[in-house]
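The sequence and structure come first.

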2 protein chains.
Amino acid sequence: MKVKVASEKDVRLVELVIALFDEFREHANTCMAAFDLSAAHAAALLRLDTPLSQRELADCLKYDASNITGIVDTLEQRGLVERQVDPADRRVRRLVVTDEGSRVLVHLRKCFEEASLVSRLGDDERAQLRALLTKAVGDRTNTSWAEMLRGRR
Amino acid sequence: MKVKVASEKDVRLVELVIALFDEFREHANTCMAAFDLSAAHAAALLRLDTPLSQRELADCLKYDASNITGIVDTLEQRGLVERQVDPADRRVRRLVVTDEGSRVLVHLRKCFEEASLVSRLGDDERAQLRALLTKAVGDRTNTSWAEMLRGRR
DNA sequence: TATTGTTATACTCTATAACTATA
DNA sequence: TATAGTTATAGAGTATAACAATA
């Protein structure tokens, strides 16, 4: 069995992924600033497409539950999210995006998706790239913009 | 001229890059923990392959200069880096990696480069991926591990 | 007793401002 | 006066611990 050693070229490959991600991050920062949302607020909002309890949101975003209170406070004060007491268990606050929140979410997603990777490759190249990356990523799943917005995990 | 709209598939492409980066980040965190280095310390060390003044290091890492003092203090206390007064301008501290620092740097780089992207693709596939990513990245340059370790820019 | 959410608090990371020593 | 580095400090962001309400 061969020992796995990273060649010069492998290193370059990693650097390319980092460079692309870096571009996305910069773009995402611009988008979030445009909507006056911090990374944590944007990540929370993006996750609330399907309603969640605060506990579920915390698990989802890998935040300690204590942080969710303040994040949701802000989103609620801005009229983007509503806390609804779960009738089945009155300890639980179910978080639902308001109409205004939905509108912001649509615009925010649109802004995010203008990441320029899209523009520098042709259709065929994008299809090839998609295939290669899918294989490279393996079984890693459920990763999206919200994951990008957290520095540590 | 066509309006640029991100398709479902383009979104997926972005998500794949995020997923890969996320894997690198997790791997990098493991490496840094193994060497008991914070992201800032690791990033600084990685940049000091070529000696720099503290000011240059700050610019390089996009830190305010005031932060460099503490970071270098730690690296110096651990015997990884030395502050040398520049004889030509006694205000300047030139930072040079010690022998011990070089050894750590070699091991740290080796650890970083074991990122598993390397293992899931064949040689041909990696070459294709490299070509596509190079085109997608465009003229973005000088991006590497140190850039990954900073959340914001 | 265990769990959801809240509060108070502490720690890390980074930036700003004021200072010193040189230039 | 301007620049390199230092110090003190303040603000984010996140985690830990103790607590109240509910199960």
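## Packing between the chains

A crossing is left-handed if the near helix is turned anticlockwise from the far one by less than a right angle, and right-handed if clockwise. In this predicted model, the crossing of α7(A) and α1(B) is left-handed. On the α7(A) side, the contact is made by R126(A), L129(A), R130(A), L133(A), T134(A), A136(A) and V137(A). On the α1(B) side, the residues are K9(B), D10(B), R12(B), L13(B), L16(B), V17(B), A19(B), L20(B) and E23(B).

Leaving out residues up to four places away in sequence, E15(A) touches T143(B) and S144(B). The relative accessible area of E15(A) is 19%. Because the cut-off for buried is under 20%, E15(A) counts as buried.

## Helix α1 of chain B

How many residues does α1(B) have, and how far does it reach? It has 27 residues and reaches 39 Å from its first C-alpha to its last, close to the 39 Å expected at 1.5 Å a residue. Of these 27 residues, 19 are buried, so α1(B) is largely enclosed by the rest of the structure.

Just after α1(B), D36(B) takes a positive phi of about 55°.

## Helix α5 of chain B

Helix α5 of chain B, residues 99-112, has 14 residues. From first C-alpha to last it reaches 20 Å, close to the 20 Å expected at 1.5 Å a residue. The buried residues in α5(B) are G101(B), V104(B), L105(B), L108(B), C111(B) and F112(B). They cover an arc of only 125° around the axis, which puts them on the same side of α5(B).

On the other side of α5(B), D99(B) and K110(B) are exposed. What covers the buried residues of this helix includes four elements of chain B: α1 (8-34), α2 (39-47), β3 (93-97) and α8 (145-148).

## Helices α2 and α3 of chain B

At what angle do the axes of α2(B) and α3(B) cross? The angle is roughly 115°, and the axes come within 10 Å; α3(B) covers residues 54-61. That makes α2(B) roughly perpendicular to α3(B). The crossing in which α2(B) passes α3(B) is right-handed. A43(B), A44(B) and R47(B) in α2(B) meet L57(B), C60(B) and L61(B) in α3(B).

R83(B) lies in strand β2 of chain B, residues 81-85. Is R83(B) buried, exposed or partly exposed? With a relative accessible area of 22%, R83(B) is partly exposed. The C-alpha atoms of R83(B) and L95(B) are separated by 5.0 Å, although the two residues are 12 apart along the chain. Leaving aside neighbours within four places in sequence, R83(B) contacts Q54(B), T69(B), V72(B), D73(B), E76(B), R93(B), R94(B) and L95(B).

P87(B) lies in the loop between β2 and β3 of chain B. At 76% relative accessibility, P87(B) counts as exposed. P87(B) and V97(B) are 10 residues apart in sequence, and their C-alpha atoms are 18 Å apart in space.

## Positive phi values in loops

Most residues other than glycine have a negative phi. D36(A) has a positive phi, near 55°, and is not a glycine. Where is D36(A) found? It is in the loop between α1 (8-34) and α2 (39-47) of chain A. D36(A) counts as exposed, at 59% relative accessibility.

K62(B) is another non-glycine residue with a positive phi, at about 60°. K62(B) is found in the loop between α3 and α4 (65-77) of chain B.

## A pair in chain A

T30(A) lies in helix α1 of chain A. Its relative accessibility is 53%, so T30(A) counts as exposed. T30(A) and F112(A) are 82 residues apart along the chain, and their C-alpha atoms are separated by 9.1 Å.

Note on methods
Residues are numbered from 1 along each chain as its sequence is written. Chains are lettered from A and ligands numbered from 1 in the order in which they are written. This is a predicted model: local features need pLDDT of at least 70, side-chain atom pairs count only at pLDDT 80 or more; totals for chains, interfaces and linings use all residues. Side-chain values use heavy atoms; hydrogens and water are left out. Helices (H or I, at least four residues) and strands (E, at least two) are DSSP runs, numbered from the N terminus. The expected span of a helix is 1.5 Å times one less than its number of residues. Buried means under 20% relative accessible area, exposed over 50%, partly exposed in between (1.4 Å probe, protein chains only). The arc is that of the directions from the helix axis to the C-beta atoms. Contact means heavy atoms within 4.5 Å. Axes are lines fitted to C-alpha atoms, for helices over the stretch in contact, and angles run from 0 to 180 degrees between N-to-C directions. Angles under 35 degrees count as roughly parallel, over 145 as roughly antiparallel, 65 to 115 as roughly perpendicular and the rest as oblique.
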